[in-house]
Amino acid sequence: MFGLFSANAGAQSLGKCNSFYSTGFSVAEGKVNPAMPSLAKPAQGAAVKEPNFNTCLVRGTNHAGTPSTQFARNDYSRRQAFNADNTYFIVYTGGGWWHLYDANTMKFLRQLSPKVANSNVSNEFHLAADAEPQWHPTDPNILYYLPTNGGTKLLKLDVRTNTYSIAADFAGKLPSWASTARHIWTKSEGSPSADGRYWGFQVENSNFGLLGYMVWDLQNNKLVGSVQNSSRPDHSSMSAAGRWYVTSSDSNGTWAWAPDFSKKKLLLHKSEHSDLALGPNGEDYYLSIDFQSGNGDVFFINIDSCPSVAPTATTATECPRTVLFPTYVNGSSSSFHFSGKGMKKPGWAVASTYGTKASRDGTYPWFSNKVFAFELKANPRVYPLAYTRRVGGGTYWSEPQASVSRDFTRVAFNSNWGAAGDDIDDYIIHIPSSALPGGTTTTKPSHVTGGNSQPMQAPSGSRPAASQGAGIRVTGGDTSTSGNSTSARGDGSTMWVSPGERLLRRAATAARRTARSLAASRRLRAALLAVPSVAWWHSAFEEEDDR
């Protein structure tokens, strides 16, 4: 049940692109930014040739068709859009619904929720808005999900019939400090381990106040460990190999905790767009951008080999990192999203960029406004896959936020296709499994529950220590410790840009965080609208939106 990859995950169909590629096709390598010719917006289901990079691009949805919604888009780069065998994909839509599509024909199949099949199903088991759907790693018909904004159960949906079952019930199985828990979730950006066994959650009360963190072993249906904490992060997630639970906070930094919360490691002094991926030999990698670094570096960290500190420590030195490439190029900058969800191609990831600023000479850098694949190694090979053809003027929903399939043969991304605003649909790049270099299997990790790799010494010149805020109480096994701490930020003061330019970049970062918060509030609205019994909220929310 909990193997890393499906037993029948052999040769995969490319659906609409089955006859597109010639034998031996390879994606061209290069950090290039050719002129982008015009390309008419394809009809839904139509396969077209990406004119710059020769990949097969298919429009997956038509939000104005069936069903008619405000938009129909891939939810997020950190969420897997495709099921275990690439026969289905899910999209998120205006109105708060999740929709299921056939990944080979692009045919809309159905709205997803037990309430679609049976309106008498309790709202507790409804799937809408921030229900955090996650595909089962091997069963192509099963989608895990949570009650909207988290609850006290992990649920399973059979997408063929819209029937549900309870995968795990956390009630009565958590420490006493979690007795008032009402929202157990990742705050919408987390994932379980690649094999679906380990799940990390933040535990919150009815007012969304953080009570602490927990890691659950779904295979044995038991609590692995937990820690009391009151400093709420932006989001949290289990690492890909399941050896670490990662909390990401602007005020306290991004930390990797052992699943039993016996130790922790400081990954970054802030919270940025990032993802968790597998290294080429099954290592747990953290992939991110650091806007406070001198060059706006994109980098990764081997979490396993980073030195750890006690769970009650108030300071730590940031983990050693491998820089992949800079993003501040002669005055340019860009926004990035990362997807490490190609678990069957370890050591690789996908990036999608938007809002790129031109360099001082008026040119745009190689990574501008496109989707590309790249290696997780120093001086990585880069393979551009498609321009997003997204233009500004839209809201948060128009960000491309590409997500790669487990086998790295499909990449879903969002685009308004050159029309400013939120006329947004989902587009899918299809590439043969042999079109990119690199392996397609993973060395199974020798340890899966402890984060017990030997520490690696931090290099000279590494960042100064950063602090972890809020007192904590650790619960794991038969031991517990407690401590108090203060909150402080990492240094991050080595910016080479002018003070004015730095101010602009900080304003842009603040705008991104505001957009994320706005998206969360809209999803709350969407969740309410999707539940028939609370449809009367609609007028109040509409009035608020007009202000």
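Two strands pair if DSSP finds at least two bridges between them. Strands (E, at least two residues) and helices (H or I, at least four) are themselves DSSP runs, numbered from the N terminus. This briefing concerns a predicted model, in which local features need pLDDT of at least 70, side-chain atom pairs count only at pLDDT 80 or more, and totals for chains, interfaces and linings use all residues. Residues are numbered from 1 along each chain as its sequence is written, and side-chain values use heavy atoms, with hydrogens and water left out.

**The protein as a whole**

- The protein contains 3 helices and 33 strands.
- Of its 547 residues, 60% count as buried, where buried means under 20% relative accessible area, exposed means over 50%, and partly exposed lies in between (1.4 Å probe, protein chains only).
- Contact means heavy atoms within 4.5 Å. Among contacts in the protein between residues at least 6 apart in sequence, 60% join residues at least 24 apart.

**The sheet of E19, E20, E21 and E23**

- Four strands form an open sheet with antiparallel pairing, in the order E19-E20-E21-E23.
- E19 and strand E23 (322–325) stand at the edges with a single partner strand each, so one side of each has no neighbour in the sheet.
- From one strand to the next, the twist averages 25°, an angle that can run from 0 to 180 degrees between N-to-C directions, with axes given by lines fitted to C-alpha atoms (for helices, over the stretch in contact).

**Strand E20 and its partners**

- E19 and strand E20 (residues 284–289) are paired in the antiparallel sense over 5 bridges, and Ala277 stands opposite Tyr285 in E20.
- The hairpin of E19 and E20 has 5 residues between the strands, and in this hairpin Gly282 takes a positive phi near 85°.
- E20 also pairs with E21 in the antiparallel sense, over 5 bridges, and Leu287 stands opposite Phe300 in E21.
- E20 is largely enclosed by the rest of the structure, because 6 of its 6 residues are buried.
- Both faces of E20 are covered: one side carries the buried residues Asp284, Tyr286 and Ser288, and the other carries Tyr285, Leu287 and Ile289, also buried.

**Asp275 in strand E19**

- Asp275 has its place in strand E19 (residues 274–278).
- With a relative accessibility of 2%, Asp275 counts as buried.
- The side chains of Asp275 and Lys341 are joined by a polar contact of 3.0 Å. Such a contact is a pair of N or O atoms within 3.5 Å; within protein, one must be able to donate a hydrogen and the other to accept it, and residues adjacent in sequence count only if both atoms are side-chain atoms.
- Leaving aside neighbours within four places in sequence, the contacts of Asp275 include Ser77, Arg78, Tyr285 and Leu287.

**Ile303 in a loop**

- Ile303 lies in the loop between strand E21 (298–302) and strand E22 (315–316).
- The relative accessible area of Ile303 is 0%, so this residue is buried.
- Beyond neighbours within four places in sequence, Ile303 is in contact with residues including Trp244, Leu276, Tyr285 and Tyr286.
- Ile303 and Trp255 are 48 residues apart along the chain, and their C-alpha atoms are separated by 10.0 Å.
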